[in-house]
Amino acid sequence: MRSHLLNGLTAEHYRRSVTEGVERVAAKLATTDRPFSGVTVDALSPRIDAIDLDRPLGDTASVLDELEDVYLRDAVYFHHPRYLAHLNCPVVIPAVLGEAVLSAVNSSLDTWDQSAGGTLIERKLIDWTARRIGLGPAADGVFTSGGTQSNLQALLLAREEAKPGTAGWDEGAPLAKLRIFASEVSHFSVKKSAKLLGLGPDAVVVIPVDHDKRMQTVALAHELERCRSEDLVPMAVVATAGTTDFGSIDPLPEIAELCAQYGVWMHVDAAYGCGLLASLKHRDRIDGIERADSVTVDYHKSFFQPVSSSAVLVRDAATLRHATYHAEYLNPRRMVQERIPNQVDKSLQTTRRFDALKLWLTLRTMGADGIGQLFDEVCDLARQGWELLAADPRYDVVVRPTLSTLVFRYIPAAVTDPAEIDRANLHARKALFASGDAVVAGTKVGGRHYLKFTLLNPETSAADIAAVLDLIAGHAEQYLGESLDRAS
Ligand SMILES: *Cc1c(COP(=O)(O)O)cnc(C)c1O
């Protein structure tokens, strides 16, 4: 069994196994002609159920054969140009190489004595990101598992900063007094975080959005004023730079102004919009982000990195102390005096992956401009897709894209019942998924069912978009035809 442990003696075994696995995946990527096989849960689960985990196969080739059967054949492939659904990106090769290196060396980024150079590489990438945002000389941050954790940590810091010395706050005052302001299309992790942070059920004040799905700052000002007059404590405003559904960017400069005026922590959730930090053409769309107290970035969304790769950045490094705990065995207090950089002092996690290495190899191979160019391409593609949709009488399209998302709905001329149109759109999405020809997402707008493209693949063309729109229309028409037959 020791031959399976990675060490100097097994280096050759490692090389062969990984190469065999890489060969399979490379062959798969080269030959998949659809983003999905269309497999159903009922078809796939017996194959996985039948495997006896207590009877190992032993050799790599048999294990990979089995993996083909239970996973690779039917996986959803984000690299395929007709995968247009969620905020998943095809990944860049330097990052995949990074993934292989980081798991083989298996550094843990909690302490210097488990990572050495890894710690410094992560710190340099944090500084690089903070500089791109423009957070100033005292900025810091840490890599996290994703935007959800980044938002949670940012709001933890905001909660701690809001407590002492805030007007209306006396020690022992209930957490129920704290309020977070976020738009109606902000990410649900804001509400989850509020719950985890022990805030009351009314903690998140939902601010309406305008026609372009951006937070209405007049409404925000009104709610901040009301909060103050009701003797409540404004804890944070969460501005979203790239909403998950629409890619809309809240008016950051106006929100920063209000945060300054009311002394409130400004958090910018740029999980999606962070791609603009590298953009060569559209960086100005997130102007104002530099005024944030904290920022969430998901490199695994718009920097073409494999999951997971994310970070939370803060304007003032000192605020990270709210996540600091010391353990004698790990990061004793004296190490701070000795200036030993232990990243666990800043993190909600303890053992932590060296995800930063993926971004490092990406920047060292392609440069930030390489990433920015790819992201600009998908933003431009979304603009072309919008033009196609706006000119197509079969479709109603919601907002002109700021990033790379399109939300639209099939609207047949002959059908007027909105519930029937809902069903046709729902059916089209499902039928398309079952066919495996393309994968699209869906959401609700104004209580009605819409479809969504999240375009993150520069290999997707306007012709792909046009073809998928035809497929959707075909499925929807078929459904409506059948439902006519049912009615008659
Ligand atoms: C995706 C997303 C998140 C959550 O990030 P995960 O990496 O999925 O945890 C938070 N906010 C926004 C705006 C997002 O799009």
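Modeller: A salt bridge is a side-chain nitrogen of Lys or Arg within 4 Å of a carboxyl oxygen of Asp or Glu. A search of the whole structure finds 32 of them. The model is predicted, so local features need pLDDT of at least 70 and side-chain atom pairs count only at pLDDT 80 or more, while totals for chains, interfaces and linings use all residues. Residues are numbered from 1 along each chain as its sequence is written, and side-chain values use heavy atoms, with hydrogens and water left out.

Colleague: What makes the pair Glu 420 and Arg 423 a salt bridge?

Modeller: The closest N and O atoms of Glu 420 and Arg 423 are 2.8 Å apart, and the criterion is within 4 Å, so the pair qualifies. Both residues lie in helix H14 (residues 418–435), 3 residues apart, about one turn of the helix. Helices (H or I, at least four residues) and strands (E, at least two) are DSSP runs, numbered from the N terminus. An α-helix has 3.6 residues a turn, so residues three or four places apart point the same way.

Colleague: Why is Glu 420 called buried?

Modeller: Buried means under 20% relative accessible area, exposed over 50%, and partly exposed in between (1.4 Å probe, protein chains only). Glu 420 has 13% relative accessibility and therefore counts as buried, whereas Arg 423, with 39%, is partly exposed.

Colleague: How do you know that Asp 298 and Lys 301 are joined by a salt bridge, and which class of accessibility does Asp 298 receive?

Modeller: Their side chains meet at 3.3 Å, N to O. Asp 298 is buried because its relative accessibility is 2%; Lys 301, at 14%, is buried as well.

Colleague: What makes the span of helix H1 (residues 11–31) close to expectation?

Modeller: The expected span is 1.5 Å times one less than the number of residues. H1 has 21 residues, for which 30 Å is expected, and reaches 30 Å from its first C-alpha to its last. The buried residues of H1 are Ser 17, Gly 21 and Lys 28. They cover an arc of only 25° around the axis, which puts them on the same side of H1; the arc is that of the directions from the helix axis to the C-beta atoms. Helix H3 (60–70) is included in what covers them.

Colleague: Why is Asn 106 called exposed?

Modeller: Asn 106 has 58% relative accessibility, and the threshold is over 50%, so the label applies. Asn 106 is found in the loop between helix H4 (93–105) and helix H5 (117–133), and its phi is near 60°, a positive value in a residue other than glycine. Most residues other than glycine have a negative phi, and most peptide bonds are trans.

Colleague: Which residues are joined by a cis peptide bond?

Modeller: Val 307 and Ser 308 are joined in this way, with omega about -5°.

Methods: Contact = heavy atoms within 4.5 Å.
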